[in-house]
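Here's a quick briefing to get you started. Take a look at the sequence and the model, then read on.

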Amino acid sequence: MSTTQRLIDVREEDFDFIFDTNTRGAFFVAQAVARRMISRAKDTPEHSGAHRPALRRWRPQGAGADRRLLQSKAAVVQMTRAMALEWGRWDQCQRGQLPGYISTEINEHHWSTEAGQRLIQMTPRKRLGKPQEDLDGLLLLLCSDDSSFINSAAIGADDSFGL
């Protein structure tokens with residue numbers, strides 16, 4: 001596979017190979033190193049007893065999923081930029097919308113669970129977004145002629161959760 005393929009020529013298996021290598025590979029190497037570092041840190045005096053509450057802010061059940069969400073959004077941002085560079089010569093603008101936690105029919109049950117409520121409490125304004133009220137305005141702007149000079153932009157509609 002060529003690393004200089006045009007995006008229009010990328011096959012699904014090429015895409016999977018690159019993402020498996022760059023994103024999954026980097027993640028799992030970092031995870032393996034972090035496991036070793038964390039296990040060593042727990043054995044040091046400064047990470048025992050009284051200091052443990054400070055470590056609890058890194059909730060693996062809730063925040064772990066959020067970190068994966070942020071990683072996937074970073075990939076979308078970079079993909080949007082790459083597409084804008086390559087496809088701009090054909091007068092194609094690339095714009096992305098990065099929604100945060102949005103309540104939909106598909107996920108409404110989750111938000112009533114304890115885990116869902118914890119995620120909501122982690123958001124800056126302790127609320128979920130609504131598809132029409134919180135996403136449609138940005139989507140209409142990005143699809144309109146009013147955004148004709150906006151290219152390579154991926155705009156968060158996440159109530160600042162991604163910061």
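Let's start with Phe-15, which is partly exposed, with a relative accessible area of 35% (partly exposed sits between buried, under 20%, and exposed, over 50%, using a 1.4 Å probe and protein chains only). This is a predicted model, where local features need a pLDDT of at least 70, side-chain atom pairs count only at pLDDT 80 or more, and totals for chains, interfaces and linings use all residues. Residues are numbered from 1 along each chain as its sequence is written, and side-chain values use heavy atoms, leaving out hydrogens and water.

**Aromatic pairs**
- The structure holds two aromatic pairs (ring centres of Phe, Tyr or Trp, the last by its six-membered ring, within 6.5 Å; planes under 30 degrees apart are stacked, over 60 edge-to-face, the rest tilted).
- Phe-15 and Phe-19 make a stacked pair, at 4.4 Å centre to centre with 20° between the planes.
- These two sit about one helical turn apart, because they are four residues apart in helix H1 (helices are DSSP runs of H or I with at least four residues, strands are E runs of at least two, and both are numbered from the N terminus).
- Phe-19 is partly exposed too, at 29% relative accessibility.
- Tyr-101 and Trp-111 form an edge-to-face pair, 5.3 Å centre to centre with 65° between the planes.
- That pair links distant parts of the chain: Tyr-101 is in the loop between strand S1 (95-99) and helix H4 (108-111), while Trp-111 is in helix H4, 10 residues apart.
- Both Tyr-101 and Trp-111 are buried.

**Around Val-77**
- Val-77 is found in helix H3 (residues 60-87) and is buried, with a relative accessible area of 18%.
- Leaving aside residues up to four places away in sequence, Val-77 touches Leu-98 and Ala-154 (a contact means heavy atoms within 4.5 Å).
- Val-77 and Gln-97 are 20 residues apart in sequence and 9.3 Å apart in space, C-alpha to C-alpha.

**Before helix H1**
- Val-10 is in the segment before helix H1 (12-42).
- Val-10 is partly exposed, with a relative accessible area of 32%.

**Confidence**
- The protein chain averages a pLDDT of 78, and 79% of the residues score at least 70 (pLDDT is the predictor's confidence in each residue, from 0 to 100).
- Confidence is lowest in helix H2 (residues 52-55), at a mean of 30, and highest in helix H6 (residues 131-143), at 94.
- Over residues 46-65 the pLDDT is below 50, and this stretch has 12 contacts in the model beyond near neighbours in sequence.
- Where pLDDT is low, the predicted coordinates should not be read in detail.
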